[in-house]
Amino acid sequence: METAFLVGLILALLWFFEKLLGTPMVIRPIVVSPIIGLALGDLQAGVLIGATLELVFMGAIQIGAAVPPDVLVGAGLGTAFAIISGKGTEVALALALPIAVLAQSLKVVVFIVRSWFMDFAMKLAKDANIKGLIALNFGGLILQCLMYFVVGFAAINFGSAAVESFVNNIPEVIMNGLTVAGGLLPAVGFALLLQPMMNGKNILYFILGFLVFAYLKLPVMGITVLGAVIAFLVVFEKKPETVVVSNNNEEGLFDD
């Protein structure tokens with residue numbers, strides 16, 4: 001019961017701060033999982049799971065009306081179940097995505113409920129009721145935080161024993177398969193991120209990174225530093241184009 005309350009509270013507070021502070025990315029797995037790990041007494045596992053899940057969910061960002069899998073719930077509950085069961089990253093990878101997809105549906109339901117606030121918001125705006133608009137905005141935020149708390153609390157309180165029993169009864173061959181899949185999922189995450197970015201202009205940088213890693217055996221940190229240097233040169237060292245403006249003078253200069 002205490003663990004369930006703690007996990008639910010963490011999920012609710014992280015969402016509250018994410019929206020209140022202007023999207024500081026505190027709901028990303030690389031932040032959520034270590035916090036859950038610290039709360040459950042296994043910070044090291046939380047850090048490792050968070051880094052792995054961040055690669056998987058790197059492209060899962062809400063843009064416009066699109067609602068991606070809920071990264072906060074997926075990372076939080078995936079990490080919690082992995083630590084409770086004692087099985088580590090493989091279990092987190094196996095559980096995080098299905099949980100995130102389920103939470104995505106619940107979030108859509110909350111969005112539908114919050115859409116009912118719009119008529120009232122229009123009335124408050126017409127009356128220039130600023131305090132009422134602020135209270136309504138916080139009401140919607142608290143409603144969604146409550147959804148995260150209930151989901152986190154219910155999942156851990158009623159599902160942890162079932163999940164632990166399920167994980168303990170998974171055949172070894174399937175666990176080995178999950179381990180292999182865990183190694184592939186980060187690559188899939190990077191592929192999803194690169195898909196909308198890759199074009200004829202920047203594919204050369206991708207090829208350069210592959211060559212540096214595959215043939216020069218440069219470590220990841222070295223490639224990162226090299227990429228930062230190249231980015232700086234491309235952005236800041238470009239010479240501005242010279243624009244010549246003529247006013248029919250022989251020298252092509254402005255008159256005083």
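Me: Which backbone nitrogen does the side chain of Glu18 reach at 2.9 Å?
Reply: This is a predicted model, in which local features need pLDDT of at least 70, side-chain atom pairs count only at pLDDT 80 or more, and totals for chains, interfaces and linings use all residues. Residues are numbered from 1 along each chain as its sequence is written, and side-chain values use heavy atoms, with hydrogens and water left out. Glu18 lies in helix α1, residues 2-20 (helices are DSSP runs of H or I with at least four residues, strands are runs of E with at least two, numbered from the N terminus). At 2.9 Å, its side chain reaches the backbone nitrogen of Val26.

Me: How far from Glu18 is the nearest side chain of opposite charge?
Reply: Glu18 is buried (under 20% relative accessible area; exposed is over 50%, partly exposed in between, with a 1.4 Å probe and protein chains only). It has no salt bridge (a side-chain nitrogen of Lys or Arg within 4 Å of a carboxyl oxygen of Asp or Glu). The nearest oppositely charged side chain belongs to Lys19, at 5.4 Å.

Me: How many salt bridges does a search of the whole structure find, and which residue is the partner of Glu54?
Reply: The search finds two salt bridges. Glu54 lies in helix α3 (residues 43-56) and its partner in the loop between α1 and α2 (29-39), so the pair ties together parts 26 residues apart in sequence. Both residues are buried. The closest N and O atoms are 3.2 Å apart, and the partner is Arg28.

Me: What is the relative accessible area of Lys123?
Reply: Lys123 meets Asp127 in a salt bridge, with an N to O distance of 3.4 Å. Asp127 is partly exposed, at 48%. Lys123 is exposed, with a relative accessible area of 52%.

Me: What percentage of the residues in the protein are buried?
Reply: The protein has ten helices and zero strands. Of its 256 residues, the buried ones make up 31%.

Definitions and conventions. Lys, Arg positive; Asp, Glu negative; His and termini not counted. Polar contact = N/O pair within 3.5 Å; in protein donor to acceptor, adjacent residues only side chain to side chain.
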